[in-house]
Amino acid sequence: MQEAPEFITKLIREYYRNAANIAPAAIEQREFGFGNYEKKISQRHFAFGSEKELKGYLVKNAPPYVSYSAAYYRYPDARPMETKEWHGAELIFDLDSTELNLPCQKEHGSIWVCKDCLQGIKDETIKLIEDFLIPDFGFSEQEISINFSGNRGYHLHITKPSVLKLSADARKEISNYISGMGMDFSEFFPTSGTRGAKLVGPKPDDAGWGGKIARSFVASLEKGPEKLASLGIDLPTAKKLYAKRALIELGIKGGNWDMVYIKKKTEFWKRISDKQAIMQSDMIDKSVTGDTSRLIRLPGTIHGETGLIAKKIGSLEELKKFDPMKDAIAFRNGEGTVEVESAMGFQMNGRTFGPYKHEHVRLPTYAAVYLILKGVAKVPSKHQQAPA
Ligand SMILES: [Zn+2]
């Protein structure tokens, strides 16, 4: 989309006029970037000395995308980058539902986001916090700030002082660890190379990846043969494992992975472990985590592809209850008629809309804006009133 209808620009302007607490911590050390409907960051190297200055800019320009640097600089508006004087950067994790490769995505494509996508990426975000960031890296909940991206994912910012100076390489190592890259199977199964030896492996209460592999396999085992088959296990073997699940679980609890006969057991368990690592953690955009001068959506601002707020979420507990299609709605007032080309059914603010096909529909403003910005609806060309 080249330009949004004028009424959306007005809504965005009004939103910023009323917005409170929109400035990030240390605003004067942050670089800002803004986007248009063609490009999410079309200009960067902006700096603002105060919330009032930032707000003034947002009200004047009503940009559809607002980003800021995870980094702190002495001269955030200097260019080229080297002259900004980097003082450190928050550690960022960018989780996007398109990386989940869910079956629904084949049906609705990559622009549309359905409730399965939103639930799936929320589950992964919770898992990243609960299974990795807190137990393996020792971050406290207070050091992890959680933000809805405004469209189809979540951004986590680690603000702990000790991570701020981490190099790009150290950041890449962290994301590699989380995605299980370079994981050495023999480390978790120390007897795997020894002929005739009992296969000793990780226990569910082990720290780090070993424990995750054990817990995740036990969880799959309890879910049944089909879940096991999704790990790449052939169905007869999956059924055999499921039938003997009580025995296998008992073994794994004590670190014995040899309770049932498996042909080529070492290769078998290695494959299963690798597969689980991928399923647990392939959705982090590593290029974001590894980039120390990345611009990322400013919490509290509007996302130009949805009209939703890139909303800051107060806690892990709040994240578990968070429904973006309800809690991140910006334009709650008014309604209007739009001409929908084609839209799947969707839920917003607890209401179900659509599916629609080549029709004029009267909708609450937030739903009309959502469809227009997703590129599936427009303001009717004549004889119709624009939403207001
Ligand atoms: Zn979906």
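## Strand β3 and its partners

In this predicted model, Tyr-68 has Ile-296 as its bridge partner in β9, and the two strands involved, β3 and β9 (residues 295-297), pair in the antiparallel sense over three bridges. Tyr-68 of β3 is also the bridge partner of Phe-32, and here strand β1 (residues 32-35) is joined to β3 by four bridges, again with an antiparallel run.

Strand β3, which spans residues 65-69, is mostly covered, with five of its five residues buried.

## The four-stranded sheet

Four strands form an open sheet in the order β6-β8-β7-β10, and their pairing is antiparallel. The edge positions are taken by β6 (91-96) and β10 (312-313), and because each of these has a single partner strand, one side of each is left without a neighbour in the sheet.

Between strand β7 (residues 144-148) and β10 there are two bridges, with the strands running antiparallel, and in this pairing Ile-146 stands opposite Ile-313 of β10. Packed on the sheet is helix α4 (residues 115-133), which touches β6, β7 and β8 (153-158) and whose direction makes about 145 degrees with that of β6.

## Helix α7

Helix α7 covers residues 208-223, a run of 16 residues, and the distance from its first C-alpha to its last is 23 Å, close to the 22 Å expected at 1.5 Å a residue. Just after the helix, Gly-224 adopts a positive phi of about 110 degrees.

## Domains and their contact

The domain assignment divides the protein chain into domain 1 (6-95 + 143-178 + 285-327), domain 2 (185-281) and domain 3 (335-378). Taken over C-alpha atoms, the centres of domain 1 and domain 3 are separated by 28 Å, and the contact between these domains takes eight residues from domain 1 and ten residues from domain 3.

On the side of domain 1 that touches domain 3, α1 (6-18) and α14 (324-327) each supply at least two residues. Sorted by class, that side of domain 1 has three nonpolar, three polar and two charged residues.

How values were computed: Residues numbered from 1 in each chain as written. Predicted model: local features only at pLDDT ≥ 70, side-chain atom pairs only at ≥ 80, totals over all residues. Domains from an automatic or database assignment. Contact = placed C-beta atoms within 7 Å. Nonpolar A, V, L, I, M, F, W, Y, C, P; charged D, E, K, R; others polar. Pairing = 2+ DSSP bridges. Axes fitted to C-alpha atoms, helices over the stretch in contact; angles between N-to-C directions. Expected span 1.5 Å × (residues − 1). Buried ≥ 20, exposed ≤ 12 C-beta atoms within 10 Å, placed from the backbone.
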